[in-house]
Amino acid sequence: MYWKSFLRNMWEKKGYDVYTGEEFDHWVKKSSRDGDGTKRIRTDLGQDEGSAFHSNAIDHAVERILDTGRYTEKKMFVVKNPFRIAPLTALILFVTEVPYSVHITLEDGKILDERSEMGTRHRIPVYGLRAGQENRIHLELWNESGCWYEKEIRITTGALPRCLEEQVQIRKKKRESEIPFTIVFGGSTKYPYAFDEEGEIRYYIKLKTKTFGVYRLSEGRFLYLSPEVEVPSFSNPHSALAKEMDLMGRVYREYLISDGIHHDGSEMTPGGNIITLSSSMDQYVEDTVIEIDRKTGKVVKRLFLGDILSDHPYFDYFDWAHLNTVSYQPEEKTILVCARNLHSVFKIDWEKEELIWILCDTGFWKGTPYEDKVLMPQGEIAFCYQPHAAYFLPGSVEGRKRLIIYDNHWHKRRPVESFDQDKKSYVRIYEIDENNKTVSLQNSYRTTKSKIRSNGIETKRRIFAMSGSLVKNIDGYQGRITEFDKKTGKVVNDYLTKSDFYRAYPFFADFHAFSRPMEINPEILVDRSELDDYSNNDFEPVPSEADAPEVGFQFYGDNLLVTGTDHLVQKIILHGKRHSYVKDYSHTEQNMAAVFGNMVYSMPVPTSVLLPDHYQIYIQSGGSLYDTKKTFQIAG
């Protein structure tokens with residue numbers, strides 16, 4: 001006890017406290033207990049209130065610490081990894097008697113060099129810390145007269161997880177990069193991470209993602225797709241739980257999507273509804289675009305690509321389209337979607353649900369009703385095959401658009417006669433004249449063959465090829481990030497990644513947004529309830545006498561999670577004394593059992609619509625009904 005007190009006094013003499021765990025955890029537990037103490041669901045099954053609930057409790061604890069007034073510019077409180085999943089982040093907390101702006105700098109300032117808004121309550125976010133060492137952060141307090149006070153904060157971090165060790169290798173470094181901090185995610189990369197120009201990992205989220213990784217939103221937020229809560233499909237199960245979170249690790253909202261989402265998503269406007277990809281689940285997958293209401297979590301619109309392209313010969317495969325990109329153009333109320341297995345990019349009127357044009361090999365749609373929608377090439381041009389990440393670039397004007405796309409130049413899924421057998425992939429920039437329905441190739445940047453995933457990025461003077469899945473690894477590395485000079489096309493910087501990835505982007509932190517407290521209800525938003533009502537008169541379960549298959553049960557918020565192997569459970573029946581309900585997952589079958597048949601995940605059953613009753617849980621598996629002996633009660 002003496003040494004603990006002595007060391008603590010030494011830290012306080014330096015002017016700040018260091019998070020030891022116990023004190024902050026006390027505040028978090030106190031915040032978690034706030035409420036009326038009543039529970040709607042009573043059960044012996046495990047219960048988790050949800051990530052948004054826990055983030056809200058932590059954020060509330062931060063505000064309570066500031067409320068005490070104990071921590072000032074002379075004695076600051078430093079919370080390492082405050083939201084528990086971003087280990088190379090921290091919060092510096094203190095109050096001042098008069099308003100100040102805080103200028104914070106980490107080392108050379110390339111990653112963190114920010115100034116907060118004027119105020120007396122200061123919650124200063126820190127990100128970009130080096131792993132496994134002491135980090136020095138410089139703080140300055142400013143008022144109208146200039147810098148009034150300076151302090152150095154030192155934060156020691158733990159080592160990187162083993163899966164991130166030696167993850168990035170510099171292959172070529174000739175110039176200063178226009179992306180000094182790059183975030184990489186998805187594919188077989190276990191945790192999203194960001195590395196600096198020296199190839200050192202300075203940020204990671206200790207949270208395993210789906211293959212598709214994360215979807216960027218505004219204010220430093222992103223949409224994280226859970227790889228644990230999913231719904232079965234005809235191939236890869238779709239994530240049914242999406243978490244809206246920021247790079248500090250705060251989860252603001254959680255969305256439960258009945259048919260799941262995959263591949264890509266974005267905001268329709270900053271802070272507005274989310275547009276993302278789903279599936280029709282009627283024989284086909286990965287062929288539908290949906291709009292999610294940001295406030296309610298409800299799916300307010302669904303657009304099946306097959307309704308736009310209702311008459312063509314390509315409905316020959318359950319994954320006939322394989323949509324991998326979607327974006328919304330608010331000024332035109334249109335969407336841009338990329339369909340890997342159709343070698344095509346489509347522009348569609350979102351309100352009228354009408355096809356506007358197609359960017360594709362001109363021969364692919366020949367002889368179909370959509371032949372006249374294909375953009376006609378001008379000058380020397382190269383077409384894309386099984387492409388990814390098609391987006392309009394800034395600076396486009398009405399009638400003329402610039403579009404960037406990663407051309408994997410691969411045709412294994414849908415071979416076409418016109419494929420030129422080119423053994424390279426490309427980042428291509430097209431210019432589209434929408435008035436004359438023509439397209440020209442503005443630039444093309446040749447890179448290593450990447451068969452799937454991948455994306456291209458344009459900055460002021462550079463083009464980045466984010467090649468996420470190399471056909472042939474380079475010295476054991478499966479991904480490559482290549483920075484080209486835009487004018488000359490020459491490689492100026494080149495990095496390799498040990499694991500393959502889905503996409504890579506400039507790190508999208510928002511210092512001011514991270515500095516603000518949360519102001520969002522942490523409930524889990526459900527798009528719609530799909531529980532069929534079984535009355536007791538019509539449903540009397542007669543369970544099989546055989547042993548029930550191995551299935552797990554837990555509540556996540558108001559949602560029952562049923563965990564088992566892919567397609568093991570077809571129906572979940574909740575049988576009460578007065579009411580009975582069923583969640584039916586029997587409308588799909590696994591067409592790629594060798595790849596996805598052994599996956600284990602949790603299927604959600606929303607219980608918010610259940611009437612008060614005492615329920616017994618039954619499952620149907622392989623055509624037989626089983627009594628799981630598990631129960632729960634919905635309180636009146």
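A residue is counted as buried when its relative accessible area is under 20%, as exposed when that area is over 50%, and as partly exposed in between, with a 1.4 Å probe and protein chains only. By this definition Glu-244 is buried, with a relative accessible area of 0%. The model is predicted, so local features need pLDDT of at least 70 and side-chain atom pairs count only at pLDDT 80 or more, while totals for chains, interfaces and linings use all residues. Residues are numbered from 1 along each chain as its sequence is written, and side-chain values use heavy atoms, with hydrogens and water left out.

Salt bridges (a side-chain nitrogen of Lys or Arg within 4 Å of a carboxyl oxygen of Asp or Glu) number 44 in the whole structure. Glu-244 takes part in one with Arg-221, where the closest N and O atoms are 2.8 Å apart. The two residues lie 23 residues apart in the chain, Glu-244 in strand β17 (residues 238-246) and Arg-221 in strand β15 (residues 221-225). Strands (E, at least two residues) are DSSP runs, numbered from the N terminus. Arg-221 is also buried, at a relative accessible area of 12%. Through salt bridges that share partners, Asp-59, Glu-63, Asp-67, Arg-121, Arg-123, Asp-246 and Arg-250 are joined into one network.

A further salt bridge is formed by Asp-494 and Arg-171, at 3.4 Å from N to O. This pair links strand β34 (residues 491-497), which holds Asp-494, to strand β10 (residues 168-173), which holds Arg-171, across 323 residues. Asp-494 is buried at 2% relative accessibility, whereas Arg-171 is partly exposed at 44%.

Cavities and pockets were located on a 1 Å grid over the protein atoms alone: a cavity is a set of points where a 1.4 Å probe fits but cannot get out, and a pocket is an open set with protein on both sides within 12 Å along at least five of seven lines; lining residues have an atom within 4 Å of a point. Grid points are joined across faces, edges and corners, and a volume is the space filled by probe spheres set on the points.

The largest pocket has a volume of about 990 Å³. Its lining consists of 39 residues, with Arg-216, Ser-266, Ser-327, Tyr-391 and Phe-392 nearest the centre. Among the elements that give two or more residues to this lining are β14 (214-216), β22 (323-329) and β35 (503-506). The largest share, five residues, comes from β18. The lining comprises 20 nonpolar, ten polar and nine charged residues, where Ala, Val, Leu, Ile, Met, Phe, Trp, Tyr, Cys and Pro count as nonpolar, Asp, Glu, Lys and Arg as charged, and the others, Gly among them, as polar.

Four cavities of 30 Å³ or more are present, and the largest cavity has a volume of about 70 Å³. Residues lining the largest cavity include Phe-181, Asp-196 and Tyr-495. At least two lining residues each are supplied by β11 (181-185), β12 (193-196) and β33 (479-485). Seven of the lining residues are nonpolar, two polar and three charged.

Strands β11 and β12 pair in the antiparallel sense over four bridges, pairing being assigned if DSSP finds at least two bridges between two strands. Phe-181 has Asp-196 in β12 as its bridge partner. Both strands belong to an open antiparallel sheet of four strands in the order β13-β12-β11-β35. At its edges, β13 (201-204) and β35 each have a single partner strand, so one side of each is left without a neighbour in the sheet.
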